[in-house]
Amino acid sequence: MWIEPLDQAASVLNALGLTAAGGFAALFLLRARRSAIAERMKMSLEKHQDYFTYLSANIDDTDALLPPPGQLSSIELRAIQSKLLEWIETIGGEYRGKLTALCRELGLVELERKRLSSPRQGVRLEAAYHLGVMRATECTGELLQFLAKEGRESTAFVVGRAAAKCAGTLEELHSLLLLLTEYHPAAHQLIADTVASSSLDPAPLFAELLHNENNEALLAVALTGLSGRNCPETLGALDRLLMSGLKEIRIKAAKVLLQHSHLLPRERISELIRHPDWEIRAAAAKAVGEQQLGVYMEELVRCMADEEWWVRHYSAKSLSQLGPAGFEALCEAACGAENGESRETAREAVLEELDRSEASASREAQHIPTYNQLNFIYRRILGETGSERLASTTRIGC
Amino acid sequence: MNNTLLAESGLAQRLYEHVNNMLQTVVPGTECGVIAAAVHGFSPAHLQELENRLGMEGGNLATMAAYEAKEGALIILLPGQSLAFTHFIALSAKDFLKEAELLAGGMAVAAFSESAPAAEEDIAGFVSSLNAGERTEIAVYSGYRPAPEAPTVVMIDPNADLLDFLNVRLGLQGYDVRPAHDGKEGLRLVESVQPDLVITELALPALDGYQVIQRVRNSRSRTCKVVVLTDLTVEQDICKCFELGAADVIRKPFSPKELEARLKRLLA
């Protein structure tokens with residue numbers, strides 16, 4: 001009667017033991033297989049070392065690079081591909097074109113194109129990535145179809161980046177944008193980065209979207225993509241977008257507009273400094289300092305009384321960037337502003353600027369006169385000595 | 001085979017005459033490619049077989065192969081061919097020699113043109129590159145003669161493929177290149193060879209690029225220039241490099257032509 005449960009337990013243990021042994025055997029086989037492939041890849045790379053030297057030494061020759069002589073085994077082809085893809089990703093300029101042409105000549109583009117139809121998702125993704133690196137323009141359509149199937153999956157960005165690298169026309173980039181924004185409407189920065197990996201300049205596409213599009217995600221991506229770029233033909237569209245009912249679009253449009261401050265009438269920037277959206281007021285105050293627009297000093301001083309901390313912060317920072325005159329205005333705000341918050345923001349900026357100037361002067365003697373001048377203004381207006389300043393710095397720090 | 005033997009046996013002299021005779025017969029403006037290999041046990045049948053094999057690589061490829069038995073040297077002239085194509089043909093020649101177990105030492109390739117005819121010292125330099133060290137790869141004679149004062153460059157990057165590429169490119173331009181895969185190895189090299197220039201990535205295992213710059217600046221090699229070649233593209237990273245004393249910063253993907261021009265300027 002007591003033997004039966006023991007038999008059952010033994011059977012279970014046996015089954016578990018067999019399963020574990022089977023698992024270990026499978027793991028061991030997988031590992032052995034992986035090691036064998038890695039070893040064969042290594043040997044193939046060594047075998048073709050002379051060929052890689054030929055490529056490196058003659059990549060700037062006027063003639064095309066030639067595939068290695070003789071027949072290649074599949075593992076040799078993979079080894080050569082791994083080297084070429086690594087080079088293509090690291091090396092830009094005209095050499096990249098020669099390396100991608102060689103990949104095509106070696107049949108690697110066709111090979112990867114076939115792998116795009118694999119039933120295994122991992123293989124398809126790897127193929128898409130490789131096609132992107134090889135700038136396989138002829139595969140853009142297939143990559144866009146693949147992207148459409150990926151939908152909301154995060155791997156869509158792997159395929160999207162590959163499609164962007166392969167895109168040969170702005171229409172293809174547009175299709176890519178439509179697909180990515182449809183399934184990932186909030187990923188503005190990531191989509192803009194993905195599109196920027198194309199060898200085409202996406203600025204004309206973004207400009208066209210600003211003029212003709214009303215879709216929030218597309219507009220946000222276009223504005224993100226234009227951030228930091230000089231694109232004066234968008235000024236009209238940006239003016240229109242400042243009136244948008246969507247707050248994020250208004251803010252992004254204002255930021256791009258402020259990149260072109262040299263093309264804007266004075267009143268336009270003043271309007272932005274007084275804009276009802278505090279984010280736009282802060283951006284405008286920040287731009288005044290970054291672009292050294294001293295004519296807006298009075299507006300900045302007024303902004304020191306703004307109810308929003310960010311607006312006060314950027315106004316103070318910008319005043320400190322406008323030379324001794326700006327610093328003087330900042331010191332006056334630190335001692336004469338009506339509300340305590342404004343005085344505190346100004347005072348922090350004053351001390352920060354003095355510290356920065358002192359550090360510059362201690363590094364390079366040519367900055368000593370500037371530091372002395374700022375220190376003089378500080379003592380004249382705020383009436384504090386250096387040791388008092390240090391004490392108050394500590395106090396603020398606490 | 002060694003350089004002294006080559007000089008005594010007059011191989012360089014005969015090659016010099018062959019090349020310059022050949023240059024007078026080729027189409028003006030074209031080059032004459034030369035492949036040399038240290039071989040043993042080479043027979044006329046091998047020579048015929050090799051010529052047939054090389055002929056298969058190019059439709060109308062004209063080759064003139066000769067075996068210098070005394071020196072154990074195989075010389076192949078390729079009239080009208082550039083250095084790039086000669087180098088490519090040398091790959092097939094090497095495969096043939098290895099398969100037939102005829103290769104006894106190094107191989108070298110060069111190309112000379114009518115406008116820049118081969119000087120005797122060029123040919124001697126080319127022949128000597130056949131036996132430089134324990135080289136197993138095909139040596140490329142680019143015209144830059146190895147000089148004792150050749151600028152030394154320590155190149156630190158975890159990407160072995162990139163190191164291979166730049167090692168060949170910069171080596172052909174006369175630099176003495178010492179590659180390292182991480183910061184520690186790089187600094188050891190800097191201490192031992194005291195290079196003229198260091199090229200470093202910022203993202204390195206063991207010791208990052210910033211530490212490399214700082215330690216180079218504080219080392220015995222503090223006069224050596226540091227060029228950062230990096231994947232990092234954030235403005236703060238770039239500014240920090242200059243603050244630490246980097247002479248230049250180049251972002252990846254980079255143009256090798258631009259890098260080479262910048263190095264030339266820095267080492268001028």
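Which side chain meets A:Arg274 in a salt bridge? The partner is A:Glu267, at 3.0 Å, N to O.

## Basis of the model

This is a predicted model, in which local features need pLDDT of at least 70, side-chain atom pairs count only at pLDDT 80 or more, and totals for chains, interfaces and linings use all residues. Residues are numbered from 1 along each chain as its sequence is written, chains are lettered from A and ligands numbered from 1 in the order in which they are written, and side-chain values use heavy atoms, with hydrogens and water left out.

## Salt bridges

A salt bridge here is a side-chain nitrogen of Lys or Arg within 4 Å of a carboxyl oxygen of Asp or Glu. Over all chains, the structure holds 32 salt bridges. Side chains of opposite charge can pair when their charged atoms come close. A:Glu267, from the opening pair, is partly exposed at 44% relative accessibility. The scale is as follows: buried means under 20% relative accessible area, exposed over 50%, and partly exposed in between (1.4 Å probe, protein chains only).

A:Arg104 and A:Glu138 form another salt bridge, at 2.9 Å from N to O. This pair links distant parts of the chain, 34 residues apart. A:Arg104 sits in helix 4 (residues 93–105) of chain A, and A:Glu138 in the loop between helix 6 (121–133) and helix 7 (140–150) of chain A. Helices (H or I, at least four residues) and strands (E, at least two) are DSSP runs, numbered from the N terminus. A:Arg104 is partly exposed, with a relative accessible area of 34%. A:Glu138 is partly exposed, at 34%.

In chain B, the side chains of B:Asp176 and B:Arg178 meet at 3.0 Å, N to O. B:Asp176 is partly exposed at 28%, and B:Arg178 is partly exposed at 29%. Shared partners also join B:Asp248, B:Glu258, B:Arg262 and B:Arg265 into one salt-bridge network.

## The parallel sheet of chain B

Five strands of chain B form an open sheet in the order 7-6-8-9-10, with parallel pairing. Strand 7 (176–180) and strand 10 (248–251) of chain B stand at the edges. Each has a single partner strand, so one side of each lacks a neighbour in the sheet. Neighbouring strands are turned by 20° against each other on average, direction ignored. Axes are lines fitted to C-alpha atoms, for helices over the stretch in contact, and angles run from 0 to 180 degrees between N-to-C directions.

Strands count as paired if DSSP finds at least two bridges between them. Strand 6 (residues 152–156) of chain B pairs with strand 7 of chain B over 5 bridges, in the parallel sense. B:Met155 has B:Pro179 in strand 7 of chain B as its bridge partner. Strand 8 and strand 9 of chain B run parallel and are joined by 4 bridges. B:Thr200 stands opposite B:Val228 in strand 9 of chain B. Of the 6 residues of strand 9 of chain B, 5 are buried, so this strand is largely enclosed by the rest of the structure.

## Helices on the sheet

Helix 6 (residues 160–172) of chain B packs on the sheet. This helix touches strand 6, strand 7, strand 8 (197–200) and strand 9 (225–230) of chain B, where contact means heavy atoms within 4.5 Å. Its direction makes about 170° with that of strand 7 of chain B.

Helix 10 (residues 256–266) of chain B lies across strand 8, strand 9 and strand 10 of chain B. Helix 10 runs at about 175° to strand 10 of chain B.

## Backbone details

The peptide bond from B:Lys252 to B:Pro253 is cis, with omega near -5°. B:Pro253 lies in the loop between strand 10 and helix 10 of chain B.

A:Arg135 has phi near 50°, a positive value in a residue other than glycine. A:Arg135 lies in the loop between helix 6 and helix 7 of chain A and is buried at 16%. Phi of B:Glu101 is near 50°, also positive in a residue other than glycine. B:Glu101 lies in the loop between helix 4 (83–99) and strand 4 (103–113) of chain B. B:Glu101 is exposed, with a relative accessible area of 63%.

## A buried serine

A:Ser360 lies in helix 20 (residues 340–363) of chain A. A:Ser360 is buried, at 13% relative accessible area. A:Ser360 and A:Leu106 are 254 residues apart in sequence and 57 Å apart in space, C-alpha to C-alpha.
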